[in-house]
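Here are my notes for someone opening this one for the first time. Have a look at the model below, then read on.

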Amino acid sequence: CDFGDLMTATEKKSLVHQLTYTYACNLRSEKPCKLFLSGLGGSMGEALRKTNGFQQWIVTKEDRPYIEALGERKQDLVYLTADSENMIETLTSDKVYIIGGIVDRNRHKNLCRNKAEEQGIQTARLPISEHIQLSHSCVLTVNQVAEIILKFRDLGDWDKALRAVIPTRKIVSAENKAKRERRDKFKNKKNNKGKDEAAEDPQKQQENGDGESQGPDQDKNTRGGEAEM
């Protein structure tokens with residue numbers, strides 16, 4: 001929760017809701033994770049403490065940033081970010097997986113990856129594109145990332161975990177994917193045909209225009225039978 005200063009009041013409220021969903025989902029899970037909330041010394045901590053029942057949450061609460069609170073385990077920290085080049089294949093109990101606490105409508109590009117690299121810790125991304133095709137970006141909410149992790153722990157299958165959490169409307173079906181590919185292929189073919197015709201136009205104009213010229217008495221507002229607008 002270190003990004004409080006980068007969010008608007010509405011975005012902070014949204015993050016509070018996401019964290020609340022995350023906590024509830026963890027409680028319901030067959031294999032719950034040990035949750036660790038860090039960076040609560042700032043404005044996000046204030047917002048969370050105003051949430052009904054937060055004081056009773058069974059989680060580790062830390063005012064300091066995670067890099068300070070877990071400094072002795074720096075080699076075990078893995079920052080989950082869609083911008084990482086490292087695909088995560090499985091989850092291991094000796095690692096601490098970090099989910100960046102921010103709602104920014106994708107306004108701050110590469111924020112989490114850059115932060116992790118500056119701190120010298122590992123980054124990884126969920127294997128989303130390897131299993132499903134989204135209609136939009138692979139950026140998910142905090143509670144969606146947490147729930148996918150919990151589902152994978154329960155099911156041991158990334159494909160099933162992803163499909164159980166990500167809304168169906170955001171997943172491109174095999175049928176729609178095939179339609180999109182056919183549409184793109186048709187557009188490319190049409191564009192290429194237009195380029196070929198454009199390349200032939202000068203020759204056609206030369207062949208069809210030999211011996212023709214605009215006379216001095218011809219209407220100045222017409223060219224080739226077309227009105228000049």
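Which residues does Glu62 touch, not counting residues up to four places away in sequence?

1. Before the answer, a word on the source. This is a predicted model, where local features need pLDDT of at least 70, side-chain atom pairs count only at pLDDT 80 or more, and totals for chains, interfaces and linings use all residues. Residues are numbered from 1 along each chain as its sequence is written, and side-chain values use heavy atoms, with hydrogens and water left out.

2. Now Glu62. With those sequence neighbours set aside, Glu62 touches Phe36, Leu37, Ser38, Gly39, Leu40 and Ala69 (contact means heavy atoms within 4.5 Å). You'll find Glu62 in the loop between strand E2 (60-61) and helix H3 (66-69); helices (H or I, at least four residues) and strands (E, at least two) are DSSP runs, numbered from the N terminus. Glu62 counts as buried because its relative accessibility is 17%, and buried means under 20% relative accessible area, exposed over 50%, partly exposed in between (1.4 Å probe, protein chains only).

3. Next, the sheet. Three strands form an open sheet in the order E4-E3-E5, with parallel pairing (two strands pair if DSSP finds at least two bridges between them). E4 (96-99) and E5 (122-124) are at the edges with a single partner strand each, so one side of each has no neighbour in the sheet. From one strand to the next, the twist averages 35° (axes are lines fitted to C-alpha atoms, for helices over the stretch in contact, and angles run from 0 to 180 degrees between N-to-C directions). E3 (residues 77-80) is joined to E4 by 4 bridges, and Leu77 stands opposite Val96 in E4.

4. Finally, the cores. The largest nonpolar core has 25 residues, and those with the most contacts inside it are Leu48, Trp57 and Tyr79 (such a core is a set of buried Ala, Val, Leu, Ile, Met, Phe, Trp, Tyr and Cys residues joined through side-chain atoms within 4.5 Å). A second, separate core of 20 residues includes Leu80, Ile88, Leu140 and Trp158.
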